[in-house]
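Visitor: I would like to learn how to read a structure of this kind, one feature at a time. Please show it first, and then I will ask.

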Amino acid sequence: MDALRAKARNAQRELMSKKDQRLCVVCTEREKDAALVPCGHLCMCAECARRPEITRCPMCRADVHHVMDVFM
């Protein structure tokens, strides 16, 4: 029974980790759905990516020239 519980806990941790990977790196609330141009990083939600204070990619620090919506 302990082995089964350990397996369930590991599966739950893995699922939460995957969910965290889909979240915006700025607000950590909404899913990533905006690609930054020209670097192409998909790391933010569209709402955060379009904030006026976001002028550089948080991943590579490249200047953001445009934000492209990504539909998955």
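Visitor: Is Asp-69 buried, partly exposed or exposed?

Guide: A word on the source first: this is a predicted model. The class follows from relative accessible area, where buried means under 20% and exposed means over 50%, with partly exposed in between. Asp-69 has a relative accessible area of 38%, so this residue is partly exposed.

Visitor: Which residue forms a salt bridge with Asp-69?

Guide: The general idea is that side chains of opposite charge can pair when their charged atoms come close. In this structure the partner of Asp-69 is Arg-50, and the closest N and O atoms are 3.1 Å apart. The pair links distant parts of the chain, since Asp-69 belongs to strand β3 and Arg-50 to the loop between α2 and β3, 19 residues apart. Arg-50 is partly exposed because its relative accessibility is 45%.

Visitor: How many salt bridges does the structure hold?

Guide: There are 5 salt bridges in the structure. One of them joins the side chains of Arg-22 and Glu-31, at 3.8 Å from N to O. With a relative accessible area of 42%, Arg-22 is partly exposed, and Glu-31 is partly exposed at 44%.

Visitor: Which residue forms a salt bridge with Glu-47?

Guide: Glu-47 pairs with Arg-30, with 3.7 Å between the closest N and O atoms. Because Glu-47 lies in helix α2 and Arg-30 in the loop between α1 (2-21) and β1, the pair ties together parts that are 17 residues apart in sequence. The accessibility classes of the two are given separately: Glu-47 is exposed, at a relative accessible area of 54%, and Arg-30 is partly exposed, at 28%. A salt bridge can also be part of a network, and here Glu-29, Arg-30 and Glu-47 are linked in one.

Visitor: Now the fold. What pattern does the protein follow along the sequence?

Guide: Start with the list of elements, then read their order. The protein has 2 helices and 3 strands, and along the sequence they follow the pattern α-β-β-α-β.

Visitor: In what order do the strands form the sheet?

Guide: Order in a sheet is read across the strands. Here the 3 strands form an open sheet in the order β2-β1-β3, with antiparallel pairing. β2 (42-44) and β3 (66-69) stand at the edges with a single partner strand each, so one side of each has no neighbour in the sheet. On average, neighbouring strands are turned by 50 degrees against each other, direction ignored.

Visitor: How many bridges join β1 to β3?

Guide: The count is 4 bridges between strand β1 (residues 34-37) and β3, which run antiparallel. Individual pairs can then be traced: Leu-36 has Val-67 as its bridge partner in β3, and Val-37 stands opposite His-66 in that strand.

Visitor: And over how many bridges do β1 and β2 pair?

Guide: These two pair over 2 bridges, again in the antiparallel sense.

Visitor: What share of the residues counts as buried in the protein?

Guide: Of the 72 residues, 22% count as buried. Contacts can be summarised too: among those with a separation of 6 or more, 27% come from residues 24 or more positions apart.

Visitor: Which residues make the nonpolar surface patch?

Guide: Begin with the whole surface. The protein exposes about 5,500 Å², and carbon and sulfur atoms supply 54% of it. Val-25, Val-26 and Met-59 make a nonpolar surface patch of about 240 Å². Met-59 sits in the loop between α2 (46-49) and β3.

Technical notes: Residues are numbered from 1 along each chain as its sequence is written. This is a predicted model: local features need pLDDT of at least 70, side-chain atom pairs count only at pLDDT 80 or more; totals for chains, interfaces and linings use all residues. Side-chain values use heavy atoms; hydrogens and water are left out. Two strands pair if DSSP finds at least two bridges between them. Axes are lines fitted to C-alpha atoms, for helices over the stretch in contact, and angles run from 0 to 180 degrees between N-to-C directions. Patches are made of residues with over 30% relative accessible area and no salt bridge: like charges are joined within 9 Å, nonpolar side chains (Val, Leu, Ile, Met, Phe, Trp, Tyr) within 5 Å. Accessible areas come from the Shrake-Rupley method with a 1.4 Å probe; for residues, only the protein chains shown count as cover. A salt bridge is a side-chain nitrogen of Lys or Arg within 4 Å of a carboxyl oxygen of Asp or Glu. Buried means under 20% relative accessible area, exposed over 50%, partly exposed in between (1.4 Å probe, protein chains only). Contact means heavy atoms within 4.5 Å.
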